[in-house]
Amino acid sequence: MSTLKRKGETLTKGAEAKKSKTNGSIASFFSSPKHAAGNALSASAAPAVKFDKQKWLASLTAEQKQLLKLEIETLHDSWLAHLKDDITTKDFLELKKFLDRETKAGRKWFPPKEDVYSWSRHTPFHNVKVVILGQDPYHNDGQAHGLAFSVRPPTSAPPSLKNIYIALQKDYPTFVQPPNRGGLLTPWADRGVLMLNTCLTVRAHEANSHSNRGWERFTQRIIDLVAQKRTKGVVFVAWGTPAGKRVQKLDKQRHLVLQSVHPSPLSASRGFFDCGHFKKANEWLVKRYGDEGEIDWALSPGATTKTLVAAAANMSMNGVYSVKAVAKSVAKTETKGLETVKVARVARIEEDVDSEDEAALEEALRLTEEELKKY
């Protein structure tokens, strides 16, 4: 198969250009594969719950509306539909009264109110692929914002998160830590990684000060809900003994449960750095859902850990493309457990694209470059 040199200017569509064969362009290789409805990632969720929010609100008492103002306004509807009965229980309302007393007493607590449920907005229920369990929110200023382990700029990544980066780099050597020692993990949350602390609030500068007040029961309900409703399976990641206790009863035939010591500097050297959880999660997701299940763990602008995109980007940087070269590049980056789906797609490329049809190849390359710009 002959190599096609990359053009230095935008390719034009000529009337005489040949059309690429059906399913034969390089762009079709990098796009999401066509799966049967029963195998699509979205099919892992139970049918959407019919939820009439206004009707539910009308059923609440004035006191409930006042106590649940934060949940009504900031908990994503996809989660509220499932949790509406849990938040009207006596125990949860007592938790909300406790938080009101903390506020009235002038005790500062984290995260800021509007961020307590940010995990639900970044990762709607139907988007969950991976659940990473934290414990207590960060308890110093400018840290906690509702996602486990994550901090907003300009706060630097805390020690545990720095260790998470080290473990991630062992799984994906191309991973680049965020600039300015950043620790913002919202890109993971937006891609389907539920970053959930088991206690959702904490008093300023007092670790575990809001534990055993009701959050643990609520977050266990969230874990169980995901396990029950995401019937095709998700990955649960539990670091440390407290998090490990939360996943003991999960169906390990349906879901992948990954456990290790906590990434804290006090324990990370006892096996966390070599746990391999990031790659294991992706291997399982690709086997279960196909390529669209893979999580991109990159956090730096323009970077990616996704195998196929990284391979194509490498070819683009070298200024030369060929179907066979891309196929070989992808093959070299394959790891055990991922070969079945991706190597099969490599084979389809070599079979379906006519190496003599240069016009079709050029068009395919143009489309591929447009896809790469999205990352």
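How do the residues of the lining of the largest pocket divide into nonpolar, polar and charged?

1. The model is predicted. Every value below is computed from it, and residues are numbered from 1 along each chain.

2. The lining of the largest pocket divides into twelve nonpolar, 16 polar and three charged residues. The lining comprises 31 residues, and those nearest the centre of the pocket are Gln-135, Asp-136, Pro-137, Asn-208 and His-262. The space in this pocket comes to about 660 Å³. Two helices, α8 (159–171) and α11 (241–246), each supply at least two residues of its lining.

3. Four strands form an open sheet in the order β4-β3-β6-β7, and their pairing is parallel. The edges are held by β4 (193–197) and β7 (256–260); each has a single partner strand, so one side of each has no neighbour in the sheet. From one strand to the next, the twist averages 15°. In general, the strands of a sheet pair through backbone hydrogen bonds, in a parallel or an antiparallel sense.

4. Along the sheet, β3 and β4 pair in the parallel sense over five bridges. Within this pairing, Leu-196 in β4 is the bridge partner of Leu-133. Strand β3 (residues 130–134) also pairs with β6, again in the parallel sense, over four bridges. Here Val-131 stands opposite Phe-236 in β6.

5. Strand β6 (residues 235–239) pairs with β7 over five bridges, in the parallel sense. Two positions can be checked in the structure: Ala-238 stands opposite Gln-259 in β7, and Trp-239 stands opposite Ser-260 in β7.

6. Strand β6 is mostly covered, with five of its five residues buried. Val-235, Val-237 and Trp-239 point one way from β6, while Phe-236 and Ala-238 point the other way; all are buried.

7. Helix α10 (residues 215–229) contains 15 residues. From its first C-alpha to its last α10 reaches 21 Å, close to the 21 Å expected at 1.5 Å a residue. Its buried residues are Trp-215, Glu-216, Phe-218, Thr-219, Gln-220, Ile-222, Ile-223, Leu-225, Val-226 and Ala-227. An α-helix has 3.6 residues a turn, so residues three or four places apart point the same way.

8. Why is Ile-223 counted as buried? Ile-223 is counted as buried because its relative accessible area is 1%, and buried means under 20%. Between Ile-223 and Leu-196 there are 9.0 Å in space, C-alpha to C-alpha, and the two are 27 residues apart in sequence.

Note on methods:
Predicted model: local features only at pLDDT ≥ 70, side-chain atom pairs only at ≥ 80, totals over all residues. Heavy atoms only, no water. Expected span 1.5 Å × (residues − 1). Buried < 20%, exposed > 50% of the residue type's maximum accessible area, 1.4 Å probe, protein only. 1 Å grid on protein atoms, 1.4 Å probe; cavity = no way out; pocket = protein on both sides within 12 Å on 5 of 7 lines; lining within 4 Å. Points joined across faces, edges and corners; volume = space filled by probe spheres on them. Nonpolar A, V, L, I, M, F, W, Y, C, P; charged D, E, K, R; others polar. Pairing = 2+ DSSP bridges. Axes fitted to C-alpha atoms, helices over the stretch in contact; angles between N-to-C directions.
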